[in-house]
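Trainee: I should like to learn how to read the features of a structural model. May we go through one together?

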Amino acid sequence: MSNVAMELQDVRKSIGKKEIIKGLTFSIYKGEVFGFIGPNGAGKTTTIRMMVGLMELSHGDVLILGNSIKHDFKNAIREVGAIVENPEMYPFMTGWQNLMHYARMIPGISKERVQEVIKLVGLEKPIKEKVGKYSLGMRQRLGIAQALLHSPSILILDEPTNGLDPAGIREIRQYIRRLAAEENVAVIISSHLLSEIELMCDRIGIIKNGELIATQTVQDTNTAETQDIIQVQMQVSPMNQAVDVLKTDHALEAKSEGETLLFQTEKEKIPEIVRSFVQNDIAIYQVNSSKSSLEDKFFDLIGENTIE
Amino acid sequence: MNNFFKLVYNELFKIYIRKSTWAMYIILAGIIIGVGFLSNIDELSSKQYSDDNWRETLEEENQELTKEMEEAEEDGIFYDMNSNIIAENNYYLENDIQPDGYGAMQFVLENQLLLSLVSLLTIIIAAGIVANEFRWGTIKLLLIRPITRTKALLSKYAAVILFAFFTLLFVLIFSYIIGLIFYGFGSFNPHMLVDDGNGLAYVSVISEIVPAYGFKLVNLVMMATFAFAISTIFRNSALAIGVAIFLMMAANPIMLYFSDRAWAKFILFANTDLSQYTAGSTPFMEGMTLGFSITVLIVYYLLFMALSWAFFTIRDIAGQ
Ligand SMILES: Nc1ncnc2c1ncn2[C@@H]1O[C@H](COP(=O)(O)OP(=O)(O)O)[C@@H](O)[C@H]1O
Ligand SMILES: [Mg+2]
């Protein structure tokens with residue numbers, strides 16, 4: 001059995017003449033928490049709407065446990081629980097009535113299961129109250145409860161930390177980690193704030209202007225930090241030769257951005273690299289290094305204007 | 001199939017859990033009580049012919065009415081009304097039938113006018129049932145279940161029709177109860193006189209109630225389906241309510257305005273009143289038949305349903 005829970009294959013979306021999503025291809029694995037991160041307007045909600053069949057795909061496909069959302073909607077969506085944008089519920093109904101409403105839409109959900117889910121998200125007390133009186137945090141939890149009713153294999157939460165205080169975020173983090181670990185659920189969480197969800201993710205994908213510009217396992221950066229791997233920026237000339245030297249002599253992949261050469265390595269290796277550049281007649285004008293953290297990488301990738 | 005019933009149950013639950021729905025029923029009940037109260041004051045309907053000297057009562061009534069007519073102008077409405085009553089009274093006397101007193105059943109028959117209120121309420125529900133889900137943002141959670149959009153839409157439509165049916169039942173039963181309170185039971189199977197085109201005929205009141213309500217149901221279903229379609233296409237309940245109610249009110253002036261055009265018979269409202277084909281009535285236009293009207297109605301109905309379906313199933317759920 002494959003370990004892939006959801007697979008996006010070159011997913012594109014155009015509205016009018018504008019291409020909002022420009023070919024997303026990635027997979028989410030069972031039992032992993034995947035952070036879908038990007039600034040406002042990057043296309044996170046649009047992508048999620050396509051994942052759950054609310055929007056037609058202009059191109060490509062989304063496979064959920066192998067079932068296409070386009071061609072086999074019912075079997076695909078059966079394995080998905082989701083909140084899309086705000087956790088909107090019927091305000092004139094109680095939490096319990098809202099959950100029973102959704103429970104009736106899928107065969108095989110017992111009252112016991114509904115109670116179990118209520119307990120999981122900690123809404124026992126206000127469950128008989130009208131949702132119109134709920135705080136945002138309570139509605140967020142009711143939204144998660146609604147998404148978990150049918151024990152889905154994939155849980156998709158669009159900005160679940162929006163408007164929550166740190167305690168609320170910590171709480172969500174706890175039961176999301178528990179779901180992934182205990183029930184092998186794949187969780188997709190979107191956010192425009194890396195810091196809010198970094199701690200609950202195994203892996204993050206960064207989206208900007210409808211393109212996935214990087215995916216990164218959170219574990220990687222953690223080990224990177226312990227081994228003192230740093231981000232090095234050098235101003236050198238000629239650039240091409242420098243890239244070649246790094247590749248042949250040090251087995252390092254480097255990028256060039258304008259006049260700056262970018263690569264990652266351990267601190268101890270820097271003198272050695274400088275020496276080899278000198279030996280190859282490469283002029284060095286400047287050497288900078290910084291400790292690489294996920295946050296830095298995120299800012300590097302999408303620029304500073306991430307906050308609304 | 002079982003699954004479908006649960007969906008319809010959900011939709012009805014969402015209709016009847018709201019206070020605004022109950023407010024509509026309370027207003028409806030208030031109007032029925034008011035009508036019962038007002039017509040109870042009106043002497044004509046409270047007249048009884050139950051005692052043995054009903055013949056004398058009728059004769060006296062005729063004399064009074066004739067005197068009134070002599071004083072009144074030749075062609076006023078009182079003139080017509082009085083001569084109708086005299087004709088009816090004479091029919092009873094000639095055929096030696098004791099008239100049934102005004103009872104609960106007659107009250108129910110008179111309340112058929114309340115059906116336009118049932119139409120109004122049904123239009124409000126039909127206009128909101130899809131659009132509100134968009135307004136509340138709950139449409140997203142509704143459509144990410146293992147249910148096709150077609151099924152979701154049909155369950156909503158079925159709920160609208162059931163709502164109309166329950167409301168109609170409410171009007172019938174509540175009118176009957178109020179009729180009982182104000183006028184009493186009357187006779188077991190009361191009869192009345194109607195003009196069927198070949199003069200007066202003595203018929204059972206129940207046999208009048210069924211077609212009277214039945215014919216109006218056609219209009220109700222068509223207007224509800226129309227409001228449902230507008231609301232599904234534009235995702236806006238206020239617009240759907242406005243357009244549907246405006247058309248319902250303006251139907252007669254519209255038909256009058258276009259009555260000299262040949263194509264006017266294809267307008268929906270030329271065909272919603274099927275009682276135009278019963279004995280004693282003339283169709284809206286020459287050459288129109290019951291079959292023609294039913295065909296036109298079916299075409300409009302399918303058009304409304306097809307448009308609702310197309311817009312609901314094909315369009316993206318975006319921006320809600
Ligand atoms: N219905 C729509 N019509 C046109 N453009 C849209 C529509 N919905 C979203 N967009 C555009 O698509 C882009 C992505 O939006 P969205 O997916 O909501 O971003 P995010 O959730 O990452 O903040 C934005 O530039 C937005 O303006
Ligand atoms: Mg968004």
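Mentor: Let us begin with one residue: Arg235(B) is buried, with a relative accessible area of 14%. Please keep in mind throughout that this is a predicted model.

Trainee: Why does Arg235(B) count as buried?

Mentor: The term applies to residues under 20% relative accessible area. Arg235(B) has 14%, and therefore counts as buried. This residue is placed in the loop between H10 and helix H11 (237–257) of chain B.

Trainee: What should I look for in the backbone?

Mentor: Most residues other than glycine have a negative phi, and most peptide bonds are trans. Arg235(B) has a phi near 55°, which is positive although the residue is not glycine.

Trainee: What is the phi of Glu159(A), and is this residue buried or exposed?

Mentor: Glu159(A), likewise not a glycine, has a positive phi, near 50°. Its relative accessibility is 12%, so Glu159(A) counts as buried. The residue belongs to the loop between strand S7 (154–158) and helix H6 (166–183) of chain A.

Trainee: Which residues does a cis peptide bond join?

Mentor: Ser237(A) and Pro238(A) are joined by a cis peptide bond, with omega about -5°. Pro238(A) sits in the loop between strand S11 (229–237) and helix H9 (239–250) of chain A.

Trainee: Which residues does Met6(A) touch?

Mentor: Leaving aside residues up to four places away in sequence, the contacts of Met6(A) include Phe26(A), Ile28(A), Val62(A), Ile64(A), Ile156(A) and Ile188(A).

Trainee: Where is confidence lowest in chain A, and where is it highest?

Mentor: Where pLDDT is low, the predicted coordinates should not be read in detail. Chain A has a mean pLDDT of 87, and 91% of its residues reach 70 or more. Within chain A, helix H8 (residues 218–226) has the lowest confidence, with a mean of 53, while helix H3 (residues 95–103) has the highest, at 97. The pLDDT is below 50 over residues 221–226 of chain A, a stretch with 6 contacts in the model beyond near neighbours in sequence. Residues 304–308 of chain A also stay under 50, and the model has 8 contacts for them beyond four places in sequence.

Trainee: What surrounds ligand 1?

Mentor: Here one lists the surrounding residues and notes their chains. Among those around ligand 1 are Ile15(A), Lys18(A), Pro39(A), Lys44(A), Thr45(A) and Ala318(B). Because the surrounding residues come from chains A and B, the site is shared between chains. Strand S2 (18–29) and helix H1 (44–51) of chain A each supply at least two residues of the shell, and H1(A) gives the most, with 3 residues.

Trainee: How does the protein approach the oxygen atoms of ligand 1?

Mentor: An oxygen atom of the ligand lies 2.7 Å from a backbone N or O atom of Gly41(A). For a polar backbone atom of Gly43(A), the distance to a ligand oxygen is 3.0 Å. In Thr46(A), a side-chain N or O atom is 2.5 Å from an oxygen atom of ligand 1. Of the 560 Å² of accessible area that ligand 1 has on its own, the protein covers 65%.

How values were computed
Residues numbered from 1 in each chain as written. Chains lettered and ligands numbered in written order. Predicted model: local features only at pLDDT ≥ 70, side-chain atom pairs only at ≥ 80, totals over all residues. Heavy atoms only, no water. Contact = heavy atoms within 4.5 Å. Helix = DSSP H or I, 4+ residues; strand = E, 2+ residues; numbered from the N terminus. Buried < 20%, exposed > 50% of the residue type's maximum accessible area, 1.4 Å probe, protein only. pLDDT = per-residue confidence, 0-100. Near = heavy atom within 4 Å. Polar contact = N/O pair within 3.5 Å; in protein donor to acceptor, adjacent residues only side chain to side chain. Areas by Shrake-Rupley, 256 points an atom, 1.4 Å probe, with all protein chains shown as cover.
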